[in-house]
Amino acid sequence: MLQPVPKIVAHAKADPSVVEAAFRQSIERKLTYDLGKTFDTATDNDWYHATALAIRDRVVDVWMASRQKTREQRKKRVYYLSIEFLIGRLLLDSLTNLRMVEPARRALASMGVDLERLRSGEPDAALGNGGLGRLAACFMDSMSALQIPAFGYGIRYENGLFEQRIVDGQQHEVPEDWLVTGNPWEFIRADTRVPIGFGGRVDYAGAAEPTARALWYPDEVVFAVPYDTPVVGWRGRHANTLRLWSARAADPIHLETFNRGDLVGATAARARAEAISRVLYPNDGTSVGQELRLRQEFFFTSATLQDLTRRHVDEVGAIDTLPDHAAVQLNDTHPAIAVAELMRILVDEHEIEWHKAWAITRATLSYTNHTLLPEALESWPVELLGRLLPRHLQIIYTINWLHLRTQDERGLADPAFIKNVSLIHETGERRVRMAHLAFVGTHAVNGVSALHTDLLRDNVFADLARSSKTRIVNKTNGITFRRWLHESNPDLTALLTEALGERVLDDPATLKELERHAGERGFVARYAQARAANKERLATLLRSRTGVKVDPQALFDVHIKRIHEYKRQLLNLVETVALYQELRADSGRDFAPRVKIFAGKAAASYDRAKLIIRLANDIGQVVNNDPEIGDRLKVLFVPNYSASLAEAIIPAADLSEQISTAGMEASGTGNMKLALNGAITIGTMDGANIEICEHVGADNVAIFGLTAEEVAERERAGFSGEEAIAASPRLRAAIEAIASGAFSGGDTDRYAPVVAALRGHDRFMVAADFDEYWKAQRSIDRLWRTPDKWWRMSILNTARMGWFSSDRTIREYAADIWNVPVSLDPHA
């Protein structure tokens, strides 16, 4: 009979053998009593679940203690609202933060189970797409590490964004099935479900003024059911909650309809309700898809605000003290409807006078902007918003009326100015501007890099900044080193720990001391060996994923991010064609042997981005099968990019492609992860590239291309790509090859839209920046041929990236926006 498991406090300095034995016994009990399996019948998935549940028990101990302390001390909480949380795999992450990786490895090995095999079999949580979701996950990790009481709020997508499959070079989307065997990390809280209303009618209660209390009678109610995942911080000192909402119909089946024989109609309401939490970013190219997106955004935002206001009233009492106890951060415009919803809760449900409610709302909410592209600043048709959320449209109209009246009182009555600051876009289809709503309804708006924030202040929100007391501040993004260095790159982490001591695991600033080792031959050799081992592992993975064998000794040139025209995968591909042509024309040229690695998903409705994916695969098909080229150039598109795939690619990267059109990338975090692991950045002066350049030194990056100001000037001048093509024989030859069907089996129509864009308006300055990009790439070739210089630059990149820790970013949010205390001691 199994004995009770001794309780081991996760971060206590316990005897390793005791921890190992206790953990083994815990796994055995989970396997037996939770899964009903024996050693003989257990599959790898059973072992994974048993191990995860055993880890979760230790996380829960920390979680419960953290929650109790927060309640007892009435600490202010941070509530982080994000449509995405790209948390990746949690097995190794939790073990790392509990400092239990090696005890767990030994405990499993004693039962004949390999930890790495379990880790690789864990499904990625399909809760995000790219940088937005990964940033939210990093912030959750840092808030737990810094012991800031916090909740992350989002949606529990059953089928995620999509699984990307490449068929005949083209992206095909199929549903993610990450929940098919269950999720051992979460707790369902069915007893705290929240009703979410849609549609219906509104009656004013007792007065007809726009600011009066109203009663909303929805004609549809969907329930939001919370699923909680504890997020444990570094060394197991604190744990916070990631609460994800799942949509449920009020009635699972309409029994009368079912009994009449209409089996499909009987579950139609359930299907409509549960579609809300089915898929991330449904295609909004149709009116149905657009409505579903709005339903999703309101669903999780309303559930969150109802949840946190209920918690506040239960624990504190008076709702008017909400800003003293809650800091609500809106991660981009998706939860911007929070401004109207919090006003509804305060005015209609708690009967707070309008102007007082407005002060509470603004003091509670803050907003992070993540885009400079006008088309990405969300807006909703007035007709749709009024039909789906009639009370909220009334509130938005009232906010706008008061907002514009204030401008008139201040003497700011210029029609162009009023048009720019109005929450309603009046030209053509009338639409509600959600970024405008977020701006006027919050006390602080932040950009995510220095350049991005300047552009927000001077361009995107220039008039709004004049119209409102909202502060615009900068909070440059960061990444959690625990995931993106310690876990992803254990060989390099072991070397850093040996050279700098264990304190490097607690304080990223310690990395600066690595500079003194950059010229030590022995250290340089071991640093290079760690990279080589990572490249060997990645080469094996690439062959299994793509079928292409690559030389691990070649330069690994990495371009991994969401596929979008402004991120300019196309520029990289045009340069790849030009390089291929040069290699074929002069096989003796002294170019560095390269493996160009692309990965990323295109939005299902983004045809141009999907065409770029096809071009990458078509180019790879030709280049990789050309015997004259051999291993001097390989081009791979790795399907189904995810957090776990990034963890394999980033530690093996030699060159980091950060080549967005200047002025269009808000920040980027992939650039930080790659530079931290020693990849040398080739990039434009855009987003956080500028700050990376400042911190690691201009001599340790390869910067090229137009600046944001120069891009804007060319836009105003009506720049045409044909101008650059005419002046560059190399560029012209590459584009003509693509146009002629050289990479599409003679099909001259396949890439005609891409070629036309390059020759025409060239909005993303691909042709304009090509020659400078080519020169920068050739400087990389020369550098690769001088290993002493290469490795010194690589080591200095790692050494000087300490500032880009998300712990630093969160400390800045805490001090400047949230007004919550946090220890400045990295060891606390």
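Predicted model: local features only at pLDDT ≥ 70, side-chain atom pairs only at ≥ 80, totals over all residues.
Which residue in β15 is the bridge partner of Pro 381? The partner is Arg 431.

Pro 381 belongs to β13, which spans 379-381. Strand β15 covers residues 431-433. The two strands run antiparallel and are joined by three bridges. They belong to an open sheet of three strands, ordered β13-β15-β14, with antiparallel pairing. Its edges are β13 and β14 (424-425), each of which pairs on one side only.

Now step back to the loop between α8 (268-274) and α9, where Gly 285 is placed. Is Gly 285 buried or exposed? Its relative accessibility is 65%, so Gly 285 counts as exposed. Look across from there to Ala 604. The C-alpha atoms of Gly 285 and Ala 604 are 9.7 Å apart. In sequence, 319 residues separate the two.

Next come the parallel pairings around β12. Strand β11 (residues 326-331) pairs with β12 in the parallel sense, over four bridges. Within that pairing, Val 328 has Leu 365 of β12 as its bridge partner. Strand β12 also runs parallel to β16 (residues 444-447), joined by two bridges. There Tyr 367 has Val 445 as its partner in β16. Strand β12 itself, residues 365-368, is covered on both faces. Leu 365 and Tyr 367 are buried on one side. Ser 366 and Thr 368 are buried on the other.

Helix α11, residues 338-349, is also mostly covered. How many of its 12 residues are buried? The count is 11. Glu 351 follows the helix, and its phi is positive, near 55 degrees.

Turn to the rings. The structure holds 20 aromatic pairs. One of them joins Phe 439 and Phe 461. Their ring centres are 5.1 Å apart and their planes stand at 55 degrees, so the pair is tilted. Phe 439 sits in helix α16 (residues 434-440), while Phe 461 sits in the loop between α17 (450-460) and α18 (462-467). The pair therefore ties together parts that are 22 residues apart in sequence. How accessible are the two residues? Phe 439 is buried, at a relative accessible area of 0%. Phe 461 is buried as well, at 1%.

Elsewhere, ring pairs link up into a cluster of Tyr 79, Phe 151, Tyr 153 and Trp 245. Rings also meet charged groups. Arg 156 lies over the face of Tyr 227, 3.9 Å from the ring centre. Arg 808 places its charged end over the ring of Trp 803, 3.7 Å from the centre.

Now the six-stranded sheet. In what order do its strands lie? The sheet is open and runs β20-β19-β18-β21-β22-β23, with parallel pairing. Strands β20 (633-638) and β23 (702-703) are the edges, each pairing on one side only. Inside the sheet, β18 (residues 555-560) runs parallel to β19 (residues 594-599), and six bridges join them. Asp 557 stands opposite Lys 596 in β19. Helix α23, residues 569-585, packs on this sheet. The helix touches β18, β19, β20 and β21 (655-658). Its direction makes about 155 degrees with that of β19.

End at Asp 781, in helix α32 (residues 766-784). Is Asp 781 buried or exposed? Its relative accessible area is 3%; the cut-off for buried is under 20%, so Asp 781 is buried. Its side chain makes a polar contact of 2.6 Å with that of Arg 778. Beyond its neighbours within four places in sequence, Asp 781 is in contact with Phe 591, Ala 592 and Arg 594. Residue 594 also opens the range of β19, which brings the reader back to the six-stranded sheet.

How values were computed. Residues numbered from 1 in each chain as written. Heavy atoms only, no water. Pairing = 2+ DSSP bridges. Buried < 20%, exposed > 50% of the residue type's maximum accessible area, 1.4 Å probe, protein only. Phe/Tyr/Trp six-rings, centres within 6.5 Å; stacked < 30°, edge-to-face > 60°. Lys NZ or Arg CZ within 6 Å of the ring centre and 35° of its normal. Polar contact = N/O pair within 3.5 Å; in protein donor to acceptor, adjacent residues only side chain to side chain. Contact = heavy atoms within 4.5 Å. Axes fitted to C-alpha atoms, helices over the stretch in contact; angles between N-to-C directions.
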